[in-house]
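Dear colleague,

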Amino acid sequence: KRVNTFANIVVKNTKQSDCMKNNNVLIIDGSNRQNGYTKKQIEYFKSICNCENIITFELYKEKFEFCDGCNYCEENEKCKYRDLDLFFEEFENADLIVFASPLYNGTFSTPLKALIDRFQFYYTYFYKYNKTQKIEKERKAILLLSSGRDGTKWLSVMEEQLKFACSILNIKFIDSALCNFTDTMPQIEKAEEEIKNIVERIGSL
């Protein structure tokens, strides 16, 4: 069994459907609010997916360098910073990746955007070798988003951003769930229904 040194939790679930039981799930948590609606969506997802191996990477508990555009990865096919090596091991091993974030100024939270930027060495490999995937294993991804006001417009923008990233990471983007109006009348039940539908859909793929 791997020992992970980054600030994560491994959760074993024995509830609901067995459709995703054997999947390795990596949840990338871009929220700092422990009782916020991004966390509520994450917890609901974990309660119904029944995966035996769920790892949560809590970005606000991590410290890692930003991509500084140094071009080191173009020649060396890896990042010069080694602070996320364990994360990338789990990232490449995952069957399903859950990106979870509050909506900040029309896009992902700061640490989640910074993490996506650190995928740069995958991008450079992809184009250096005539669109060859650096990660051989094909994975799936979903997005869980919470928004203080109406985030519908920005959800579509963020989906396009993720779809582009996923195309270079050998990931099939599946779908999103959105908890709207968390500042006034949180639509958490609607978001949970969307998550339930996504889990069922993944289980049928």
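Which residues of the largest nonpolar core touch the most other members? They are Ile28, Phe87, Phe91, Leu115, Phe119 and Leu143, in a core of 40 residues. A nonpolar core here is a set of buried Ala, Val, Leu, Ile, Met, Phe, Trp, Tyr and Cys residues joined through side-chain atoms within 4.5 Å; buried means under 20% relative accessible area (1.4 Å probe, protein chains only). Helix H6 (residues 152-168) gives this core its largest share, 6 residues; helices are DSSP runs of H or I with at least four residues, strands runs of E with at least two, numbered from the N terminus. Another core, of 19 residues, lies apart from it and includes Ile27, Ile42, Ile174 and Ile195.

This is a predicted model, in which local features need pLDDT of at least 70 and side-chain atom pairs pLDDT 80 or more, whereas totals for chains, interfaces and linings use all residues. Residues are numbered from 1 along each chain as its sequence is written, and side-chain values use heavy atoms, without hydrogens or water.

In helix H4 (residues 110-117), Pro111, Leu112, Ala114, Leu115 and Ile116 are buried.

Arg139, in strand E5 (residues 139-146), is buried but has no salt bridge (a side-chain nitrogen of Lys or Arg within 4 Å of a carboxyl oxygen of Asp or Glu). The nearest side chain of opposite charge, Glu92, is 7.2 Å away. The Arg139 side chain does reach the backbone oxygen of Leu169 at 2.8 Å, and one of its polar atoms lies 3.0 Å from the backbone oxygen of Lys137.

With kind regards

Definitions and conventions:
Buried < 20%, exposed > 50% of the residue type's maximum accessible area, 1.4 Å probe, protein only. Lys, Arg positive; Asp, Glu negative; His and termini not counted. Polar contact = N/O pair within 3.5 Å; in protein donor to acceptor, adjacent residues only side chain to side chain.
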